[in-house]
Amino acid sequence: MDDKEKKLQDKLRFAGEKVPSMKRRSNINDYYGRHIYMVTMAVEGRRPLLGTLRGSSTVADGQEGAPCVVPTPLGQEVIRCWELIPQFHHEVRLLAFQLMPDHLHGILFVQEAMEEHLGQVISGFKAGCNKAYKKLMVVEAVAGVVEAVPQHTGKEVPQHTNKLPLPSEHRLKKDDRSHGLLFERGYNDLISKSYDMLPRLTAYLHDNPRRLAIRREHPDYFRVQFGVTVAGQTYAAIGNRFLLDSPDMEQVQLTRSLTDDQIAKERDKFLTMAKKGTVLVSPAISTGEQVVMRTVMDAHLPQIFITPWGFNKFSKPGHQYFDACADGRLLLLAPWPHQNERISLTRAMCLALNKMAEDIVKRADSDLS
């Protein structure tokens, strides 16, 4: 086996089996080679140990009072460890970083092939953070300011809990892989497919404090609600559930055979209806349906979108849906369990999704009669 084949096999072992986790590595990417990555790491137990959110989402970026995250002493050490990465891995260039209270995002550029894969780079960064974490635990313990908190149970810790846990809480068995001390085990990486994608990733990082401020100011619009039953179908929901009480709904279902001119006419028709207060309902499967729902979204008008991609308790609306949820003009309904990856829709699935949209509209009509 030559060196190239050996690296490929190592990469595949590093990727692991396909499991339902947002932290799974890609098994087709060369983690030794030249790529741009956005990596995300979460604090174990989602404790807000790294910083405190300040400011209001109503204040424009760059002005006093705009949302920002003020690092804690531990957060400052995490930033320092991130900035040290190029000293240990000269092939890596740091492009952007955003610290959040309970997680972080960073964009790095592997400029040339590395001897170690990306996971070892991140492991080294985490090791430095853990060292700082342990040191600060000792300092706070000596100062008598450490407050005991419950051992990690998998449940989200309240936002106001930001004290460092006692060292004894991490005396676990050697085979216990439930955590990685400061950060959860593993991390998520998003591989930039082109340089055109980099500005969008950078903007996303910069916008994170504002998005967190919005979620805290409008928590009901961003919390996943499970077991929401509508017209006999059970959904997981994100967004404004009051849209289901609208007296005027219309299903958007368009055949794939429509021409561009026909799609344009349907788009204008549905847009006129939406401007008059009609809530449009659709899984947006065909091109025409997607055009209509996107036009309504861009016009800041309300809609209910039935998505085949399920939610888990940590799910949140995607970037294109975020502001719509914050404004209360979007409801996302997911009828099926959380999907770890996008799959091709079958005809049976498409028919089922369209039937759900039809039933929601019929339910609204029957409520009026």
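This is a predicted model: local features need pLDDT of at least 70, side-chain atom pairs count only at pLDDT 80 or more; totals for chains, interfaces and linings use all residues.
I began with a helix pair, and α5 passes α8 in a left-handed crossing. By class, I get four nonpolar, one polar and four charged residues in the contact of these two helices.

Entry: Two packed helices are described by the angle between their axes and the distance between the axes. I looked up both. The axes of α5 and α8 cross at roughly 30 degrees and come within 11 Å. Angles under 35 degrees count as roughly parallel, so α5 and α8 are roughly parallel to each other.

**Entry: who touches whom.** Which residues of α5 meet α8? I found Y204, R210, R211, I214 and R215 on the α5 side. On the α8 side I wrote down H319, F322, D323 and A326.

**Entry: α8 itself.** I then went through α8, which spans residues 319–326. Its buried residues are Y321, F322, A324, C325 and A326. What covers the buried residues of α8? My list includes the helices α5 (198–217) and α7 (287–298). It also includes the strands β8 (233–239), β11 (303–306) and β12 (330–334). Past the helix I checked G328, which follows α8 and has a positive phi, near 75 degrees.

Entry: Phi of A284 is positive, near 50 degrees, and the residue is not a glycine. I located A284 in the loop between β10 (279–282) and α7. Is A284 buried or exposed? A284 counts as buried, because its relative accessibility is 15% and the cut-off for buried is under 20%.

H300 is also a residue other than glycine with a positive phi, near 60 degrees. I found H300 in the loop between α7 and β11. With a relative accessible area of 52%, H300 is exposed, since exposed means over 50%.

**Entry: the whole chain.** Last, I zoomed out. I count nine helices and twelve strands in the chain. The chain has 369 residues, and 45% of them count as buried. I also looked at contacts between residues at least 6 apart in sequence: 68% of these join residues at least 24 apart.

Definitions and conventions: Residues are numbered from 1 along each chain as its sequence is written. Side-chain values use heavy atoms; hydrogens and water are left out. Buried means under 20% relative accessible area, exposed over 50%, partly exposed in between (1.4 Å probe, protein chains only). Helices (H or I, at least four residues) and strands (E, at least two) are DSSP runs, numbered from the N terminus. Contact means heavy atoms within 4.5 Å. Axes are lines fitted to C-alpha atoms, for helices over the stretch in contact, and angles run from 0 to 180 degrees between N-to-C directions. Angles under 35 degrees count as roughly parallel, over 145 as roughly antiparallel, 65 to 115 as roughly perpendicular and the rest as oblique. A crossing is left-handed if the near helix is turned anticlockwise from the far one by less than a right angle, and right-handed if clockwise. Ala, Val, Leu, Ile, Met, Phe, Trp, Tyr, Cys and Pro count as nonpolar, Asp, Glu, Lys and Arg as charged, and the others, Gly among them, as polar.
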